[in-house]
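Hi,

Here is the structure I promised to pass on. My notes follow below it.

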Amino acid sequence: MSTQTSIQTSEKPLGRDELAQLVARDIVPGSFVNLGIGQPTLVSNYLTEEQNITLHTENGMLGMGPAAEGDEIDGDLINAGKIPVTELPGASYFHHADSFAIMRGGHLDICVLGAFQVSATGDLANWHTGAPDAIPAVGGAMDLATGAKDVFVMMTLLTREGVSKLVEQCTYPLTGVGCVTRVYTDKAVFLTGPDGVTVRETFGCTFEEIQELVPLPLKKAE
């Protein structure tokens with residue numbers, strides 16, 4: 001057993017909003033960021049004005065604000081996941097092709113995506129599981145995964161069947177190769193790369209308990 005100081009920072013696993021708040025806190029001030037559909041969209045609700053983060057959405061907008069509620073909702077102002085959003089001062093709109101040029105041209109500092117699997121070396125699988133009703137195409141996820149300077153993943157660590165989504169090698173079709181740098185889950189934050197996987201911190205469990213759940217060698221952050 002490791003003699004290093006515990007990296008457990010919470011007594012319980014994190015909920016979706018708590019995880020979104022953690023991701024938001026970790027985004028470097030001044031960054032240009034894309035939030036993928038699903039759980040990552042929650043991150044926009046926890047970004048502060050002081051961070052000066054510019055949010056990009058695939059359907060053609062820079063300067064997106066938090067999700068819209070009540071009288072704020074405008075049916076024509078939505079993100080890529082069709083969720084009504086707000087706009088911040090200085091927001092701009094542009095053609096879908098220009099939006100993809102931003103993604104493919106390396107102009108995004110971070111994208112935050114969901115995932116079905118992430119491999120030990122940062123491969124990402126987030127568009128298809130083989131299920132008959134699965135989304136039929138990879139869409140813009142591949143452009144985000146390969147175009148952003150850093151790719152953060154938000155997901156539960158385990159499937160409903162209790163199987164780890166962090167794996168030695170992905171078994172689902174890949175979205176991007178070696179692109180994921182950080183994985184945020186309800187039970188731990190993982191740093192991925194060519195040298196393997198490091199556990200930065202854990203939530204509601206110890207490093208040793210995380211190692212029992214994940215079928216690949218893990219290192220503890222120093």
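Ser-119 is buried, because its relative accessibility is 1% (buried means under 20% relative accessible area, exposed over 50%, partly exposed in between, with a 1.4 Å probe and protein chains only). Before going on: this is a predicted model, where local features need pLDDT of at least 70, side-chain atom pairs count only at pLDDT 80 or more, and totals for chains, interfaces and linings use all residues. Residues are numbered from 1 along each chain as its sequence is written, and side-chain values use heavy atoms, with hydrogens and water left out.

Back to Ser-119: it sits in strand E7 (helices, H or I of at least four residues, and strands, E of at least two, are DSSP runs numbered from the N terminus). Leaving aside residues up to four places away in sequence, Ser-119 touches Leu-166, Val-167, Glu-168, Gln-169, Cys-170 and Thr-192 (contact means heavy atoms within 4.5 Å).

As for the sheet, it is open and mixed, with 3 strands in the order E8-E7-E10 (two strands pair if DSSP finds at least two bridges between them). E8 (124–125) and E10 (166–167) are at the edges with a single partner strand each, so one side of each has no neighbour in the sheet. E7 (residues 117–119) runs antiparallel to E8, joined by 2 bridges, and Gln-117 is opposite Ala-125 in E8.

On cysteines, the count is 0 disulfides (pairs of cysteine sulfur atoms within 2.5 Å). For Cys-170, the nearest cysteine sulfur is that of Cys-179, 9.1 Å away. Cys-170 is buried at 18% relative accessibility, and Cys-205 is buried too, at 7%.

Cheers
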